[in-house]
Amino acid sequence: MTERSGPVGFPGVGRTLIVIPTYNEAENLPGLLRRLRGAVPSAEILVVDDASPDGTGELADGMAAADPGVHVLHRPGKNGLGAAYVAGFRWAAQRGFDAVVEMDADGSHAPEELHRLLEAARHADVVLGSRWVRGARVVNWPWHRLLLSRAGNLYTRLALGMPVSDATGGFRVYRLAALAGLDLGSVASQGYSFQVELAWRAHQAGLRVVEVPITFAEREHGASKMSPTIIGEALWRVTQWGAHDRRMAIRRALHGTPTGQVRWP
Ligand SMILES: Nc1nc2c(ncn2[C@@H]2O[C@H](COP(=O)(O)OP(=O)(O)O)[C@@H](O)[C@H]2O)c(=O)[nH]1
Ligand SMILES: [Mg+2]
């Protein structure tokens, strides 16, 4: 029986596409895809590769040729995580998927935990896999990454006032109907501030956002693409969004409450 002839997609969520951005993940991708197909066979997979010099894209093509549930989107060069996800979400919307999953290629997010996020998506618009709620675990992360994540989330909470413990994580589920209202075309984030930007937009738009505890493990192969530029972009953007929130609050206090369409900065 093929994917499409059975009950369609994940029960209670519908046709689900797992979007995996890759840049030099050749050592990690084959094992991850094998585990994913075993753990959640009802979901399809889209690898979004930015012309990785290590051949990740060609490797993904080989896996897609052997499995109709695996697809590949090739982009011409390294253009950031945010742009890769926006391209992947568009691909899903054009093909009638009901939900998209965000997931790293490096094994930090366990395929065996994905079904818990999808189960939570039955009653939510956005599900955030969270490292900083009760029941979550972080394994083998060096102290400077722990510190960066805790400090980044604390600053985000203070600046944006969102009741979210882990706004920077990258293991998530979005229902496409909800994403459609977040105006992805105007998302400016290139790097990992993309994760904060989408959580913030979802919160601003009044979507149902829930957090599910995950076990996050440091990658075993390959190198992180985190860089001072990416951290700088996140700091700058979060500060700008916080200032925008405050301006809007002052405007509401002075001129009443113009509700209706949310305007992004
Ligand atoms: N397509 C694409 N994927 C990227 C880019 N930057 C990072 N990634 C992928 O995004 C995921 C998270 O990146 P990673 O380096 O593991 O970040 P870290 O977990 O914060 O250290 C991995 O699957 C990377 O291969 C990019 O510019 N383009
Ligand atoms: Mg990683």
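Which residue in E3 stands opposite Ile45? In this predicted model, for which local features need pLDDT of at least 70 and side-chain atom pairs count only at pLDDT 80 or more, totals for chains, interfaces and linings use all residues. Residues are numbered from 1 along each chain as its sequence is written, while chains are lettered from A and ligands numbered from 1 in the order in which they are written.

The residue opposite Ile45 is Val70 of E3. Strand E3 (residues 70-74) pairs with E2 in the parallel sense over five bridges; helices (H or I, at least four residues) and strands (E, at least two) are DSSP runs numbered from the N terminus, and two strands pair if DSSP finds at least two bridges between them. Between E2 and E3 the chain passes through helix H2 (residues 56-66) in a right-handed β-α-β crossover, meaning that, with the strands pointing away from the viewer, the path from the first strand over the helix to the second runs clockwise.

These elements belong to an open sheet of seven strands with mixed pairing, in the order E3-E2-E1-E4-E7-E5-E8. E3 and strand E8 (209-213) each have a single partner strand at the edges, so one side of each is left without a neighbour in the sheet. From one strand to the next, the twist averages 20°. Antiparallel pairing joins strand E5 (residues 126-130) to strand E7 (residues 172-175) over three bridges, and Leu128 has Arg172 in E7 as its bridge partner.

Helix H1 (residues 29-39) lies across E1, E2 and E3 at about 160° to E2. H3 lies across E1, E2, E3 and strand E4 (99-102), at about 155° to E1. Axes are lines fitted to C-alpha atoms, for helices over the stretch in contact, with angles from 0 to 180 degrees between N-to-C directions; contact requires C-beta atoms, placed from the backbone, within 7 Å.

Ligand 1 is surrounded by 20 residues, the closest being Pro21, Ala84, Ala105, Ser224 and Lys225 (near: C-beta atom, placed from the backbone, within 6 Å). Strand E1 (16-22), strand E2 (44-49) and helix H3 (81-94) each give two or more residues to this shell.

Note on methods:
Two residues are in contact if their C-beta atoms, placed from the backbone, lie within 7 Å.
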